[in-house]
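I set out to record what I looked up in this structure, entry by entry. The notes follow the order of my reading.

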Amino acid sequence: MTAPRLLHPGAWWLWAVGLAACALRTTNPVLLCLIIAVAGWVVASRRADVPWSRSFASFLRLGMIVIAVRIIFQIFFGVRIPGTTLFTIPEVTLPDWAAGVSLGGPVTLESLMAAFYQGLRLAAVLACFGAATSLCSPYRMLRALPTVLYEAGVAVTVAFTFAPQAIVASRQVREARRLRGRSDRGVRAWSASALPVLEGALDRAVALAASMDSRGYGRRGSSSVSVRRRSVGLVLLGLVAIAVGSYGLLDPSAPALFRIPALGVGAAALIGALVAGGKSTVRTRYRPDPWIGPEWMVSIAGIVAFASFVLVGRMGDALSPSTNPLEVPAVPVVAVIGLLVAALPAWFAPHPPTLASSSAPLVVAA
Amino acid sequence: MNRQLPSIATKRLLQMRALQAAAVVLLGVVVSASVLVGLADTASASSCSGPIRDGEIRVVLVVDASDLGGSSSATCLVVPAGTTGSQLLARRGNELGTGSPRYGSSGLLCAIDGLPATGCGDRNSGGYGYWAYFFDGGGNWSYGSNNPFSKRLNDGAIEGWRFVVGGCGCGLDPSPRIGPSRSLFPALAPALPALPEPPSTSAPSSPTSNPSTNAGGASTPIPQSAGDANLEQGVGEAEPGSLTVTTAVEAVVVGDVALASSNSTDSNTGRWIGIAAVFILIGFMAGGAWVQTRRSR
């Protein structure tokens, strides 16, 4: 076992993205529950004692809300799917031009199960990102970003740190309410604290962006205007192409052109921007995070899980169990093994340092 | 700070309990679903040529699977008033023994009589291959943008489904090769003096009065709901010469394709064992996570 240290945030993010990609490829409830369990198990085993490490529970709660909302929408506005009718709610007959929309009507078991599967899938994706947020510091993630992305400066900072900051802010607001003798539960407490939480989180994220700016992030250096324009254009092109490519990779029904080719174009453009803009950026790194054995292992664990899902997807339709007619979902052994591999970081990743044992700064103040 | 620790631990416990509860609920739902799926059975029949009982309507369902190597057929069925388009399809499959239609999880109709065997509205040859829905627009087929699950049928309605290859998914797609002609209905037996039911008024009231009618059309909890696959006779003069019109007997040939759900009981036991194994694993992980969380505080 290696000495306690914080893993490179990129490794945890790759692992989490691998798990989330698995979740996006399946509606099999058994596999989705296993994905959530694996994420929760790894988080419980390897999180540091820092404020944002408790965000996993918040993401789980959000996932349950998503499932409930998905089912409620299916009951009231969903497409009327034939099958075993459980109950019927009053039906509104819409005029001919709106014949494709349905309001009310018979609610079938099949439609509810389909909605539940889809909601569970989204909840699993949320759990994966909750795991990544709890496992690594958002500030370290920012430090590890490639140089070219600093051009996007404030936006990237705010985007990456908003969710963890919101969770920290919500805890503080709730504590403040409790100190004042008010309840911190119930709908009223939530609605009263929503605005301060959002405002506080945004304030913190913007403050972080400003402090990063004052320390030289996003500076142009001494490059000429044309070089800068070229690198910014390449970054934009690369980011858009990578966004399209990763969408195509995650959505099996996307055209083939949107998959590997788009990813390749995006990677090439980003590398080009790296070469063009990287030279001119004046920036030093203080104690850079290493990428060594455990980092490789954690990221490969996520990739192995994704590969197992791709393999199972090729072999049959066990990943998307039929809801019409309803069938008992099959449990593809290969996918389960892949997910168990993704649970391995719970044993093999180095422990995070505890506050008592470590001299390394855990919490980087904004 | 110390005072809130037990409450957070309890919350985490509740969280894990909620996860496990969700798993148990899921299991329960799947069990009851598989029980319900097994409940499909047969109905007592009343003929399409009469007599027609009160609260029943006669409708004709045209299914054109010629582009899939199948056949086109017209089936006259007697169904309870207020039957929906999809219930009619399910009833037809039940009567002809061709199995129930296959739907995608989005509710899109994928296959009738097990055709096509795989896929659902996929893109092919420059367009979509899908089952297009038509209704009788006064002697001509009208492209239906309705949802067959919510569209209620009146007496004398003619519904059509045609598998379109390379279609645009719009009103330009070709219609079934059998036209919506009145001659698709067999003459009513003279024993019945007149049709007792007023066609359109009785239609919407029925499903609310006995909601169990909606159970897919295939399972029949109500004894009086009755139907008959009485293949039409008069197609010879109603259609141009090239198409083939089959009888119920020929349509039965495809039946074993779609009946997969009934013989899957054996493989279900294995699936349940697999699911139980995975959920035991999940239970261990959730329990372990909870213990670790509690110990770390």
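This is a predicted model: local features need pLDDT of at least 70, side-chain atom pairs count only at pLDDT 80 or more; totals for chains, interfaces and linings use all residues.

How many helices and strands does chain B have? I found 7 helices and 9 strands in chain B.

**Entry 1. Confidence.** I looked up the overall scores and noted an ipTM of 0.70 and a pTM of 0.63. For chain A I recorded a mean pLDDT of 80, with 85% of its residues at 70 or more. Among the elements of chain A, the lowest mean pLDDT, 71, belongs to helix H5 (residues 138–144), and the highest, 92, to helix H2 (residues 29–46). I also marked residues 358–366 of chain A, where the pLDDT is below 50. Beyond near neighbours in sequence, that stretch has 14 contacts in the model.

I then turned to chain B, whose pLDDT averages 66, with 57% of the residues scoring at least 70. Residues 1–6 of chain B have a pLDDT below 50, and this stretch has 1 contact beyond near neighbours in sequence. Residues 192–264 of chain B also fall below 50, and for this stretch I noted 168 contacts beyond near neighbours in sequence.

**Entry 2. Composition of the chains.** In chain A I counted off 12 helices and 2 strands. Along the sequence, the elements of chain A run α-α-α-β-β-α-α-α-α-α-α-α-α-α. Of its 366 residues, 43% count as buried. I looked next at contacts in chain A between residues at least 6 apart in sequence, and 80% of these join residues at least 24 apart.

For chain B, buried residues make up 42% of the 297 residues. Of the contacts in chain B with a separation of 6 or more, 75% come from residues 24 or more positions apart.

Entry 3. I checked the span of helix H3 (residues 55–77) of chain A, which has 23 residues. H3(A) reaches 32 Å from its first C-alpha to its last, close to the 33 Å expected at 1.5 Å a residue. Its buried residues are Ser55(A), Phe56(A), Ala57(A), Phe59(A), Leu60(A), Gly63(A), Arg70(A) and Gln74(A).

Helix H4 (residues 109–135) of chain A has 27 residues and reaches 38 Å between its first and last C-alpha atoms, close to the expected 39 Å. How many of the 27 residues of H4(A) are buried? I found 25 of them buried, so H4(A) is largely enclosed by the rest of the structure.

Entry 4. The 23 residues of H10(A) should span 33 Å at 1.5 Å a residue, and the end C-alpha atoms are 32 Å apart, which agrees. I listed the buried residues of H10(A) as Glu295(A), Val298(A), Ser299(A), Ala301(A), Gly302(A), Ala305(A), Phe306(A), Ser308(A), Phe309(A) and Val312(A). What covers them includes helix H1 (9–25), H11 and helix H12 (345–348) of chain A.

How do the axes of H10(A) and H11(A) cross, and at roughly what angle? The axes of H10 (residues 293–315) and H11 (residues 333–343) of chain A come within 7 Å and cross at roughly 170 degrees.

On the H10(A) side they are Ala301(A), Gly302(A), Val304(A), Ala305(A), Ala307(A), Ser308(A), Phe309(A), Leu311(A) and Val312(A). On the H11(A) side they are Val334(A), Ala335(A), Ile337(A), Gly338(A), Leu339(A), Val341(A) and Ala342(A). By class, this contact has 13 nonpolar, 3 polar and no charged residues.

Entry 5. Ala189(A) lies in helix H7 (residues 186–214) of chain A. I noted 16 other C-beta atoms within 10 Å of Ala189(A), which is therefore partly exposed. Leaving aside residues up to four places away in sequence, Ala189(A) touches Arg177(A), Ser183(A) and Asp184(A). Ala189(A) and Arg177(A) are 12 residues apart in sequence, and their C-alpha atoms are 8.6 Å apart.

Val232(A) has its place in helix H8 (residues 225–250) of chain A. Val232(A) is likewise partly exposed, with 16 other C-beta atoms within 10 Å. Val232(A) and Ala276(A) are 44 residues apart in sequence and 9.6 Å apart in space, C-alpha to C-alpha.

Key. Residues are numbered from 1 along each chain as its sequence is written. Chains are lettered from A and ligands numbered from 1 in the order in which they are written. Axes are lines fitted to C-alpha atoms, for helices over the stretch in contact, and angles run from 0 to 180 degrees between N-to-C directions. Helices (H or I, at least four residues) and strands (E, at least two) are DSSP runs, numbered from the N terminus. Two residues are in contact if their C-beta atoms, placed from the backbone, lie within 7 Å. Ala, Val, Leu, Ile, Met, Phe, Trp, Tyr, Cys and Pro count as nonpolar, Asp, Glu, Lys and Arg as charged, and the others, Gly among them, as polar. A residue is buried if 20 or more other C-beta atoms lie within 10 Å of its own, exposed if 12 or fewer, and partly exposed in between; C-beta atoms are placed from the backbone. The expected span of a helix is 1.5 Å times one less than its number of residues. pLDDT is the predictor's confidence in each residue, from 0 to 100.
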